[in-house]
Amino acid sequence: ALHRELKFLSLTDLVRTESAITNHEIRATFLDNIHGSKDYLCCYTNEKKTNELKWRCARQMLSLVISFESSAEIDAECADIFSTQATLMRFKSCTFSDSDTHQRMLRASCSTLKSAQYTSCTLHPTWSLKQCTNLFRVSLENCTVLSEDNFLGSLTCIPRLKSCTIYACPNITARGFGVILESCKNLRQMHFSSSCNLTNVLVRLSAPIELKTFSAMHVFLDSESMRLISSRMPQLTSLSLQLYGWNFSTDADIDLLVRSCPHITSLSLMGFQSITNAALIHIAQHLPGLISFALYYSRRVTNGGRLPLVERCKLLTSLYLESLHISNELILAVGTHCRVLESLNVRDCVDLTDGAFDTLNPDTLFWLDVSRTNVIGAFVHRLFRKPEELYDLCCNNCSRLLGSVFTDGLAQCGMLYKLQLCTSPFSKSDWLSFAQRAPRIVNLHVARSPHVDEEVVRSFIQHPGFGTVYAQGCTVPVELTVEFKRLKLTG
């Protein structure tokens, strides 16, 4: 039953496993079991050519995930070998020689493929997914050459499409995003990035749609855009708007939005420089069931607006307040009222000190980002105490962080999944002491910290509980990565 515990195997591992079973009866049973398993079995390859023998044992799996990463040009021969009944296909940094190659690759998966993902791929202008009638998720990120008309003709012919993600695909315009929203009647999630005006996307919608999740990044937005979201997406439960440049959305626009979309439980607003305290009061009044809230770069909002929000939205599990003028008083109120908070981001809130975190609930909090605040490290003494938990703590660019205070507090922590101390002011002796006393840390990031050198890195690597150490920009010889595979100096 070992194979049922293995969710992901490389193609080589899969072949090796089959070859290792010398008894023909046992091997037949093994292959029958994996062919009928409902678990996902993932096969990765970066080979252009893979022979039939290698691929034979992966054929006909019911829940196969195929992932091509940094493959050379995929030609017809390769497509024929890998054509199989997959449920998910991922392509990263791949080039298809022509449109027919892509169709041949998908030939055997027309009825089984549920999700298709393309990242940094060169897609032929006639690329299409029309034949994959059971697709419910399509994702394209940083894909070039793709023709907008052909792309739209492909997506609008997929009757069950529920989720669409399009990031950094320059050939897809406001018209294209609008056609997708208008024509894909079963679409429930839409995520895209573009420098277009959001009004030009939404103006195509003549009637309300049943979209549940809407995320638009790097867009231009105005009051008309907000009005269209409010009138055309009344069923929204999650809304994320990350704006490009200055926008003139007002408190009244926010009021209209939250009145018109009362089911929102996750709201993220980035770049709304014109809104004031009144906007957050409207959010608190009409969305008391918020679970996740994020506000970035809204400098005109003060504690007066945010306090009512945290007092009314007591179910918050995720709160992001980045680059804002807030005081300790607000975060103390967060800890008092939001007792189920799991993640908190106060990056670039430079007025905050250690006392701001005194009321946070250590029984629920497992992710905290205090980068570029005025903490010295005393806050960790009362947080992150449960030894069985995995925590994520980010303290990048904290210029006042004291090595001894921080290490004393961290020593009582059971385990950290990720600790980020990039551009840390710690002295070399602070780092050596930290390496001796720190708890188990799966991923340690110390990039660009001036006093991290070869001796410090060796002390990290020799720590029995440390996993991967990321030390980009530190005075560490590259040769050390050969000796210690868990040391990363680039990326």
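## Helices H15 and H16

In this predicted model, Lys428, Trp431, Leu432, Phe434 and Ala435 of H15 meet Glu455, Val456, Ser459 and Phe460 of H16. Helix H15 covers residues 428-437 and helix H16 covers residues 454-461. Their axes lie 9 Å apart, and the packing angle is about 10°. Because an angle under 35 degrees counts as roughly parallel, H15 is roughly parallel to H16. By class, 6 nonpolar, 1 polar and 2 charged residues make up the contact of H15 with H16.

Phe434 also has contacts beyond H16. Leaving aside neighbours within four places in sequence, Phe434 is in contact with Phe406, Thr407, Leu410, Leu419, Leu421, Ile441, Leu444, Phe460 and Phe466. Phe460, one of these partners, is among the H16 residues that meet H15.

## The nonpolar core

Phe434 is one of the residues with the most contacts inside the largest nonpolar core, along with Tyr118, Phe214 and Phe357. This core has 138 residues. Helix H7 supplies the largest share of the core, with 5 residues. In soluble globular proteins, nonpolar side chains tend to be buried together.

## Helices H6 and H7

Helix H7, residues 174-183, packs with helix H6, residues 148-155, at an angle of about 10°. The distance between the two axes is 10 Å. H6 and H7 are therefore roughly parallel to each other.

On the H6 side, the residues in contact are Glu148, Asp149, Phe151, Leu152 and Leu155. They meet Arg175, Gly176, Val179 and Ile180 in H7. By class, the contact of H6 with H7 has 5 nonpolar, 1 polar and 3 charged residues.

Helix H10 spans residues 251-260, and its buried residues are Asp251, Asp253, Ile254, Asp255, Leu257 and Val258.

Ala278 has its place in helix H11. With a relative accessibility of 28%, Ala278 counts as partly exposed, whereas Asp255 is among the buried residues of H10. Ala278 and Asp255 are 23 residues apart along the chain, and their C-alpha atoms are separated by 8.7 Å.

## Asp348 in a loop

Asp348 is in the loop between strand E13 (343-345) and strand E14 (367-369). Its relative accessible area is 18%, so Asp348 is buried, the cut-off being under 20%. Not counting residues up to four places away in sequence, Asp348 touches Glu322, Ser323, Leu324, Ser371 and Arg372.

## The chain as a whole

The chain has 491 residues, of which 52% count as buried. Its secondary structure comes to 17 helices and 19 strands. Among contacts between residues at least 6 apart in sequence, 64% join residues at least 24 apart.

## Confidence

The average pLDDT of the chain is 83, and 80% of the residues score at least 70. Over residues 1-22 the pLDDT is below 50, and this stretch has 42 contacts in the model beyond near neighbours in sequence. The pLDDT is also below 50 over residues 30-63, where the model has 105 contacts beyond near neighbours in sequence.

Technical notes. Residues are numbered from 1 along each chain as its sequence is written. Side-chain values use heavy atoms; hydrogens and water are left out. pLDDT is the predictor's confidence in each residue, from 0 to 100. Contact means heavy atoms within 4.5 Å. Axes are lines fitted to C-alpha atoms, for helices over the stretch in contact, and angles run from 0 to 180 degrees between N-to-C directions. Helices (H or I, at least four residues) and strands (E, at least two) are DSSP runs, numbered from the N terminus. Angles under 35 degrees count as roughly parallel, over 145 as roughly antiparallel, 65 to 115 as roughly perpendicular and the rest as oblique. Ala, Val, Leu, Ile, Met, Phe, Trp, Tyr, Cys and Pro count as nonpolar, Asp, Glu, Lys and Arg as charged, and the others, Gly among them, as polar. Buried means under 20% relative accessible area, exposed over 50%, partly exposed in between (1.4 Å probe, protein chains only). A nonpolar core is a set of buried Ala, Val, Leu, Ile, Met, Phe, Trp, Tyr and Cys residues joined through side-chain atoms within 4.5 Å.
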